[in-house]
Amino acid sequence: MSVQARPKRLSVTQVQARKGGDKLVCLTAYTASVARQLDSEVDLLLVGDSLAMTVYGFDSTLPVSLDMMIAHGAAVVRSTGHALITVDLPFGSYQESPEQAFRAAARVLAETGCGAVKLEGGEEMAETVLFLTRRGVPVMGHVGLTPQAVNALGGYRSRGHGQAERDKIMRDGIAIAEAGAFSMVIEGTAESLARELTAAVAVPTIGIGGSPACDGQILVIDDMLGLFTEFTPKFVKRYRQLGDEIRAAAREYAEEVRDGRFPAPEHTYAGPRRPKSAAAE
Ligand code: KIV
């Protein structure tokens, strides 16, 4: 039996070394079946808390629990072997204290086998990022539009158009980079701000509505495949319309069942087998 060498997963240090180099290609993934398809095409898969909306039908990311993130993170790790898997820490699992964040992150790393965690926030989370990274937890940051703060931000509008907001987001990104984050998502910000922040930090920035100035890009998989159509942010490009494909397949199946064309003989087990001796006669 030949043993095929499995390609090794990308590590956080390899991702970090891509600063200013080849663009980092990232997508979200939540399930084994989809992660398996994406793995060889991307550098990083994020098990994002956006699964609250895409998989579970909530209207924000807030209701997701740590157990839900761990179940999906483990499924994505089990079904992949190339991409660096990063799992979101959900709302309420890390904001209280660095110690609370460490307990949540340790569970995520140990129970999923993923390579890193992501958390939202800037200056106010820098102490936590430092606490985690000093204790062996690789952390991806997330600044700009931070969906877990939707209630405080007053909605999902893009960020960084006024000077005070720009200054704050710059301070946020610099603070978490200096605290040891290996990369950071910049979401929903003006291009000039994303460009300035990308130039100011030594770690890769991953844009989602952060403009081409970032060191890499990420999209929510259900958005880019046309599976989540409740609303479409400006930064989403739909590469396929799989929602339409799924509906068309279901319609075709329904018609075939109703008019008796499915199952056909090739999908049907034959009747009782005749004993060999009888068959020979
Ligand atoms: O949860 C998520 O999908 C994210 C992306 C928007 C980066 O955090």
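This passage describes the largest pocket of a predicted model and the ligand that sits there.

The largest pocket holds about 680 Å³ of space. Its lining is made up of 36 residues, and those nearest the centre of the pocket are Leu 145, Glu 187, Ile 208, Pro 233 and Phe 235. Two elements that each contribute at least two residues to this lining are helix H3, spanning 51-54, and strand S6, spanning 183-187. Sorted by class, the lining comprises 14 nonpolar, 13 polar and nine charged residues.

The ligand takes up the space of this largest pocket. Around the ligand lie Thr 28, Leu 46, Gly 48, Asp 49, Ser 50, Asp 88, Lys 118, His 142, Glu 187, Ile 208, Ile 218 and Val 220. This shell divides into four nonpolar, four polar and four charged residues. Glu 187 and Ile 208, listed among the residues nearest the pocket centre, also belong to the ligand's surroundings.

For Ser 50, an N or O atom of the side chain is 2.5 Å from an oxygen atom of the ligand. Lys 118 places a polar side-chain atom 2.9 Å from a ligand oxygen atom, and for Asp 88 the corresponding distance from a polar side-chain atom to an oxygen atom of the ligand is 3.1 Å. On its own, the ligand has 260 Å² of accessible area, of which the protein covers 96%.

Terms used. Residues numbered from 1 in each chain as written. Predicted model: local features only at pLDDT ≥ 70, side-chain atom pairs only at ≥ 80, totals over all residues. Heavy atoms only, no water. 1 Å grid on protein atoms, 1.4 Å probe; cavity = no way out; pocket = protein on both sides within 12 Å on 5 of 7 lines; lining within 4 Å. Points joined across faces, edges and corners; volume = space filled by probe spheres on them. Helix = DSSP H or I, 4+ residues; strand = E, 2+ residues; numbered from the N terminus. Nonpolar A, V, L, I, M, F, W, Y, C, P; charged D, E, K, R; others polar. Near = heavy atom within 4 Å. Polar contact = N/O pair within 3.5 Å; in protein donor to acceptor, adjacent residues only side chain to side chain. Areas by Shrake-Rupley, 256 points an atom, 1.4 Å probe, with all protein chains shown as cover. Sits in = over half its atoms within 2 Å of the grid points.
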